[in-house]
Amino acid sequence: MMTQNDSDIWFEESSGSGMTSPLSQLDQSDPTTIPEASPLSLWGVALCVSGTLIVSENTIVVVAILATPSLRAPVFLLLTSLALADLLAGVAVILHFLFLFCVEPTDWSDLMTSGLLATSLTASLLSLMGVALDRYLSLSHALTYGSRHSRRCAAGLLALVWLGSCLIGSGPMLGWHCLNDITSCSVARPLTRTYLSLLCGGFLLVVMVTLQLYTGICRVARRHAHAIATQRHFLPDDQSYNSKHGGRGKGLSRLLLVLGVFVSCWTPFALYGLLGDASSSPLYTYATLVPAAGNSLLNPLLYSLRNRDIRKVLLHACCPHRHTHNTHRPVDV
């Protein structure tokens with residue numbers, strides 16, 4: 001895709017097909033020979049199916065929120081941003097599939113898909129941090145958070161998130177690539193080692209900040225529970241109190257699930273991008289990058305579709321005659 005000696009080997013190893021590169025099959029004596037797309041493999045099928053699922057899931061979320069005027073709280077702005085970022089990640093996966101197996105890959109196609117994937121993954125990760133920040137603020141400032149001023153602040157913050165993500169993603173197109181210098185390549189060609197190191201370092205920083213926010217959420221939730229127990233003259237470990245508030249254990253398990261998926265999806269690629277180099281096996285690159293991209297498939301299930309207001313909108317779209325109450329709980333994400 002980039003140069004015959006580098007990208008063709010990368011594709012051959014990463015696809016696991018064992019086939020020779022289309023470029024290497026050209027008759028060198030015949031300059032009119034046109035490269036053909038590679039035969040479809042199991043890896044190509046996985047790319048196509050996963051990309052289609054990611055796009056479909058997140059399109060449903062975006063349309064459901066934008067088509068419902070009542071869903072304008074800060075959390076829904078954040079969920080829209082998250083779904084839009086994940087949708088773009090799915091588009092990047094589909095484009096990667098098309099350029100590998102359907103049309104002739106070029107340097108331009110490599111740079112475009114790499115930039116789009118960097119933009120979408122950056123925006124997705126920052127939106128996840130925004131969701132954690134929204135949960136923290138909705139608990140610590142429950143009386144004032146959610147006002148029109150908060151919505152304007154959330155919209156401004158998301159504008160900055162997308163502006164920064166687009167600037168980061170434009171790096172490969174603006175010349176921050178290794179197409180002309182193979183020795184500067186990272187584990188994810190055509191990105192340079194410097195570019196990917198900065199990107200993965202930023203990813204790890206966002207992961208740590210997000211974990212700190214969820215730790216703060218746990219502290220605030222415990223303080224609220226203790227205050228409620230004190231007002232009702234109960235102790236937090238009282239059986240009658242636990243019987244009424246047994247949902248705390250369920251809420252904690254959901255929080256642990258979200259954190260577990262978040263860390264397991266993002267940490268491997270971020271660490272490998274910092275520690276690996278161009279001599280590393282492409283198999284390791286895909287083994288760590290697939291979970292990060294797969295997080296875009298899980299986000300709608302863990303965040304948007306768990307919100308009862310969004311579920312009501314989707315149920316009403318599927319069953320218009322079903323009666324739903326218009327009660328919104330933006331914290332229930």
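**Notebook: one buried serine and onward**

I began with Ser109, which counts as buried because its relative accessibility is 1%. My cut-offs are these: buried is under 20% relative accessible area, exposed is over 50%, and partly exposed is in between, with a 1.4 Å probe and protein chains only. Ser109 sits in helix α4. I also looked up its distance to Leu98, which is 11 residues away along the chain: their C-alpha atoms are 9.9 Å apart.

A note on sources before I go on: this is a predicted model, where local features need pLDDT of at least 70 and side-chain atom pairs count only at pLDDT 80 or more, while totals for chains, interfaces and linings use all residues. Residues are numbered from 1 along each chain as its sequence is written, and side-chain values use heavy atoms, with hydrogens and water left out.

**Overall make-up**

I find 10 helices and 0 strands in the chain. Helices (H or I, at least four residues) and strands (E, at least two) are DSSP runs, numbered from the N terminus. Of the 333 residues, 42% count as buried.

Val49 counts as partly exposed because its relative accessibility is 45%. Together with Leu40, Leu42, Val45 and Leu53, Val49 makes a nonpolar surface patch of about 490 Å². Patches take residues with over 30% relative accessible area and no salt bridge, joining like charges within 9 Å and nonpolar side chains (Val, Leu, Ile, Met, Phe, Trp, Tyr) within 5 Å. A salt bridge here is a side-chain nitrogen of Lys or Arg within 4 Å of a carboxyl oxygen of Asp or Glu.

**Annotated spans**

The unreviewed UniProt entry carries "transmembrane region" annotations, among them residues 75-99 and 195-214. I looked at both spans. Residues 75-99 are 100% helix, with end C-alpha atoms 36 Å apart. Residues 195-214 are also 100% helix, and their end C-alpha atoms lie 29 Å apart.

**Second largest pocket**

How many residues line the second largest pocket? I count 32 lining residues, and Val93, His96, Leu117, Tyr286 and Leu289 lie nearest the centre. Elements giving two or more residues to this lining are α2, α3 (74-101), α4 (107-140), α6 (193-231) and α9 (282-302). The most comes from α9, with 7 residues. A pocket is an open set of points on a 1 Å grid, with protein on both sides within 12 Å along at least five of seven lines; lining residues have an atom within 4 Å of a point.

**One last check**

The peptide bond from Arg189 to Pro190 is cis, with omega near 10 degrees. I place Pro190 in the loop between α5 (148-169) and α6.

How values were computed: Accessible areas come from the Shrake-Rupley method with a 1.4 Å probe; for residues, only the protein chains shown count as cover. UniProt positions are given in the numbering used here, feature names are shortened, and annotations may be inferred rather than shown by experiment. On a 1 Å grid over the protein atoms alone, a cavity is a set of points where a 1.4 Å probe fits but cannot get out, and a pocket is an open set with protein on both sides within 12 Å along at least five of seven lines; lining residues have an atom within 4 Å of a point.
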